[in-house]
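Take a look before reading on.

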Amino acid sequence: MSARTAKAGGAGRTRRIVVNPLARIEGEAELHLTIRGGHVADAQLKVVEPPRLFEAILRGRSFIEVPDITARICGICPVAYQMSAVQALERLCGIEVDPQVRRLRRLLYCGEWIESHALHVYMLHAPDFLGYEDALRLAADFPAEVRRGLRLKQIGNDVVRIVGGREIHPINVRVGGFYRVPTVAELQRLVEPLAWARDAALETVRWVANFAFPDFEQDLPLVALVHPDEYPMSDGRIGSTQGLDIPVSEFDTHFTEEHVEHSTALHAVGPRREPYVVGPLARYTLNFARLPEVARTAARAAGLGPECRNPFKSILVRAVEIVAACDDGLRLIAEYEPPAAPAVAAPPTAGTGYGCTEAPRGICHHRYRVDARGTILDARIVPPTSQNQKGIERDLRRFAATILDRPQAELVWKCEQVVRNYDPCISCSTHFLKVHVHREHRRR
Amino acid sequence: MSRVVVVVVGNRLRGDDAAGPLVADALRAAPGRVRVIEAGTDPLRLLDAWEGDEAVFVVDAVCSGATPGTIHTFAADDAGLLPEPLGGSTHGFGLATVVELGRTLGRLPRQLTIIGIEGTRFDMGAPAHPDVQRAAIAVAARIQASVHAPASPSLGRVVPVSGDGRS
């Protein structure tokens, strides 16, 4: 991390601090904070990478190619894109997948949550709380913990590889099911690692619970899938802490995306153009009762209640979700019997299909318009990080205001931490983050 | 004889970044006692890829200003292999950082050789430079030769490569 300070003339003195790069996020963006007259005047998360135009790539392609193309959006959370895509297209085709296929898909998703959360908790975010610049320096003092985090991540990757065909950008998901389903024996080989992982995840919760969390609460609506029987991953209705309860097909009527000048990623807002937040805190707060017992117990022991509004504690909630994903994975493997066929036929159907699932960072909404031959006419993909951009900016503005008296280095560090609370996956549209703090001192 | 693992890092679709995968292709075309692992663009995967293996070669594209196709060879403890500051993304876990992480965690293989192939163009969709393609074949041949030379005292240093190691 390097910092530069610049001064400008004029009626007041402007101090500009540039931190480049801000590390440990997935993607490239800049953070600009302007402090004027002792107040935070503005906070902007600038996504600077050009759009990747996946929605345009999809136009004209066959609907059966969508899970493989959209998986390429992200190397960390490809399963989320596959799951939202197949849900949208299968609903459009009017098909129900075999219950065992559904089970396998949830297991695949558990693998993604484990690898994504373990990477973020240990390698990207824990250094913030323990005062290290990066995971390498953290590893020198906490080797056992970093080893545990890496093994957890690897076990998540192994689940994705065995169910999805390969670790990154899996290739086994198709509209209607899978290309090939694993044997019982193949899944049984995951039992021992997942049992280890569940214990390691419980250790993770205990470890993270001892971190110091700033006393800060969010005042934004939390939005997540809600499912009557399970902690949501690949199914559910869209709910919020404001009482929203809609099917995923109505996402567009409640949430809109708008272009802002400082970002190449669209910003999503709620019905009254208000920011809202998706991700672990939203899932947890709206679905605490559906967490597996072992995860709920761990959460309570870690001092969490049934709701969590402190974004700095998202790392703790992620740790609880790793417990849930490992426990769920073990249950799914125990219940698994290979389906009669890996997939059901998916006849091309004209119309519009909607899908929404819980990526590790929050809801990932897809909409596809398809013609009778199965050609994609129009695609719209709303990733979680784009929905969180306004919430991140709001957290920055509010939290920075409480620490303006701190030394510059600490202020910058904490602001970076605010961004990393969201584990922003800017690589879903971009790469890299720089922080700019502009201090404008007015003289009377 | 110790098992030999070759881990290649790089993106086939980014010009000279394909250097590592091209070495993998060449090794697979002439199968021997070499296990080839493509780690893609996530060097963190190396830590598990080489666990338990005794002699490991890691091949990646490098960018040092040398002529395209120049082959650089480092042992894991070379001072020249300094961990770069962690960049802004998971992609920022660069090769040198991961080697350092492996050392910190006691997860380095007994023998680790890092081979860098100099590249100049890393544009999306660009083909690899012809000199990079030739260097990849040369690197594969050298690895194969080292495997089939059981008397070799040091697998990691069987191919003395100087600053300009083009074949």
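What share of the contacts in chain B with a separation of 6 or more comes from residues 24 or more positions apart? Such residues account for 76% of those contacts, with a contact meaning two C-beta atoms, placed from the backbone, within 7 Å.

A bit of housekeeping: this is a predicted model, so local features need pLDDT of at least 70, side-chain atom pairs count only at pLDDT 80 or more, and totals for chains, interfaces and linings use all residues. Residues are numbered from 1 along each chain as its sequence is written, while chains are lettered from A and ligands numbered from 1 in the order in which they are written.

Buried means 20 or more other C-beta atoms within 10 Å of a residue's own.

| Chain B feature | Value |
|---|---|
| Secondary structure | four helices and five strands |
| Element order from the N terminus | β-α-β-α-β-β-α-β-α |
| Buried residues | 49% of 167 residues |

Over in chain A, A:Ile322 sits in helix 12 of chain A. A:Ile322 counts as buried because 31 C-beta neighbours lie inside 10 Å. Leaving out residues up to four places away in sequence, A:Ile322 touches A:Ile114, A:His117, A:Ala118, A:Leu152, A:Ala201 and A:Thr204. As for A:Phe211, 111 residues apart from A:Ile322 along the chain, the two C-alpha atoms are separated by 18 Å.

Conventions:
Helix = DSSP H or I, 4+ residues; strand = E, 2+ residues; numbered from the N terminus. Buried ≥ 20, exposed ≤ 12 C-beta atoms within 10 Å, placed from the backbone.
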